[in-house]
Amino acid sequence: MTTIGHLINGEMVTDGSRSQDVFNPATGQAEKQVLLASKQTVEQAIASAQAAFPAWRNTPPIKRARVMFRFKELLEEHADHICKLIGQEHGKISHDAAGELQRGIENVEFACGAPQLLKGEHSRNVGPGIDSWSEFQPLGVVAGITPFNFPAMVPMWMFPLAIVCGNTFILKPSERDPSSTLYIAQLLKQAGLPDGVLNVVNGDKEAVDTLLTDPRIKAVSFVGSTPIAEYIYATANANGKRCQALGGAKNHAIVMPDADMDNAVNQLLGAAFGSSGERCMALSVAVAVGDEAGDALVTKMQNAMQGLSVGAYDNASNDFGPVITCQHKDKVNGYINSAEQQGASIVVDGRNPKVDGYDNGYFVGATLIDGVTAEMDSYKAEIFGPVLQVVRVKTMQEAMQLIDDHEYGNGTCIFTRDGEAARYFSDNIQVGMVGINVPLPVPVAYHSFGGWKRSLFGDLHAYGPDGVRFYTKRKTITQRWPSSGVREGVSFAFPS
Ligand code: NAD
């Protein structure tokens, strides 16, 4: 059985004290073992990153960017292998993995602009013969802790930008599907990154807690579930670190009576069931405004869902794959059961689908639930499975209130032909990322990604312009070279 270790100071390291099975969720078989780093192993990685920092900090940004240009080429060259590794451990279908990888590569492309991004700000003659400028300096050693659902893309939200900004990096990927992340890190070494600038430690809470408490780590980027995000943010802050911690979601789509219903149904199918609903931007609630819209939506969805196929990652005709673990499958089915028990109607039932040849896989079929209300457990929780719940309301205001009252505020979308309604919605809704007839409004790499409310703890969003600010600290320098013309005597008044 393959053993997955750590990448420390450019070398593969095996710390054998503890390990965990890595499953193929389509077969239910443990196919690999991932080593779980001890405190000492993480400290070794931090020491390596700390040692690499001074030289990397002083490497010209254009040279750092050149490593990223080469890295992008290698990612494209090895795309098929990366997608295979994602499929084997996460379960997502090859076309979906390719989409994830492409969005990750776009973050590398943004990072290639480092020389431009780090130019700083300059003002000449802020006083007589005095110039002032702000520069953006790296923080030092920074860490990233990432979730299972985007093992390629989410790490690439973090380390390419942090590294081109002059930091060195420790990445702690999800222990459930670590292989593609580790492989990508090895490609960056191949692209010419000096040893120690990027280190990958696989592990669990022990590794994370070491990163959160070690004084050499200056900042932490986290993406994962809300309870852990909250813990990461509080612990990192208590230990004097800068932190951005992105959490869970419950993304609603408002379907207005004037929406192009066929288009809305097509968009909802992909956004609710793509990647088995295991996306933080998955649309998991459709809020139908008016009974006519509700009836049309449910009927059309029900018909369209007959054609969906769930199966293994390597058959590109499948629409989506299994969920990540057996426990998660039980949890998703449990929410469907609870919605039924609490009075909702299961219109399309995906519990225990038959997938030929994969009897032990963690499959849940696409599920449609109508008559869901805000009091139901299935509505309150992030299910993170291929389940679309329909809530029926009378007005758009009622729909917006429902969204604003939910604890999460990651993404949302409105389907309508009414520009005025769409503008009112985007202007007022208490959610960080908004789509207008766009179901998955994931910002492109040159904007920044982040939710509101309990979907993000911290101030700056991930990647893009906010990412540059997160991974640098501003220093402002005011300079005068005294000459006979401007030499001044003593003054005790505040300079103005
Ligand atoms: P998770 O919170 O279980 O794990 C995320 C990371 O935290 C992993 O690296 C894990 O090892 C670590 N971790 C888990 N428990 C820990 C603990 N007790 N102490 C310290 N570290 C711990 O999340 P997941 O199940 O891997 O990912 C799914 C979640 O991530 C969903 O809630 C999803 O919405 C969220 N997510 C959010 C975004 C976003 O941008 N907001 C993006 C992707 C995923």
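This is a predicted model: local features need pLDDT of at least 70, side-chain atom pairs count only at pLDDT 80 or more; totals for chains, interfaces and linings use all residues.

Colleague: How does the shell around the ligand divide, then?

Modeller: The shell holds 12 nonpolar, 10 polar and five charged residues.

Colleague: Which residues are the closest to the ligand?

Modeller: Of the 27 residues that surround the ligand, the closest are P147, G224, S225, G248 and C280.

Colleague: What confidence does the predictor give the complex?

Modeller: The complex has an ipTM of 0.98 and a pTM of 0.97. For the chain, the mean pLDDT is 97, with 99% of residues at 70 or more.

Colleague: Turning to β12, which strands pair with it?

Modeller: Strand β11 (residues 217-223) pairs with β12 in the parallel sense, over five bridges. A right-handed β-α-β crossover leads from β11 through helix α9 (residues 226-238) to β12. Strand β22 (residues 456-457) runs antiparallel to β12 and is joined to it by two bridges.

Colleague: Is β12 mostly covered or mostly open?

Modeller: Mostly covered: four of the five residues in β12 (residues 242-246) are buried.

Colleague: And why is L118 classed as partly exposed and not buried?

Modeller: L118 has 19 other C-beta atoms within 10 Å, and is partly exposed because buried requires 20 or more. L118 lies in the loop between α5 (114-117) and β6 (121-127), and its contacts beyond four places in sequence are P61, F136 and C165.

Notes: Residues are numbered from 1 along each chain as its sequence is written. pLDDT is the predictor's confidence in each residue, from 0 to 100. A residue is near a molecule or strand if its C-beta atom, placed from the backbone, lies within 6 Å of it. Ala, Val, Leu, Ile, Met, Phe, Trp, Tyr, Cys and Pro count as nonpolar, Asp, Glu, Lys and Arg as charged, and the others, Gly among them, as polar. A residue is buried if 20 or more other C-beta atoms lie within 10 Å of its own, exposed if 12 or fewer, and partly exposed in between; C-beta atoms are placed from the backbone. Two residues are in contact if their C-beta atoms, placed from the backbone, lie within 7 Å. Two strands pair if DSSP finds at least two bridges between them. A crossover is right-handed if, with the strands pointing away from the viewer, the path from the first strand over the helix to the second runs clockwise.
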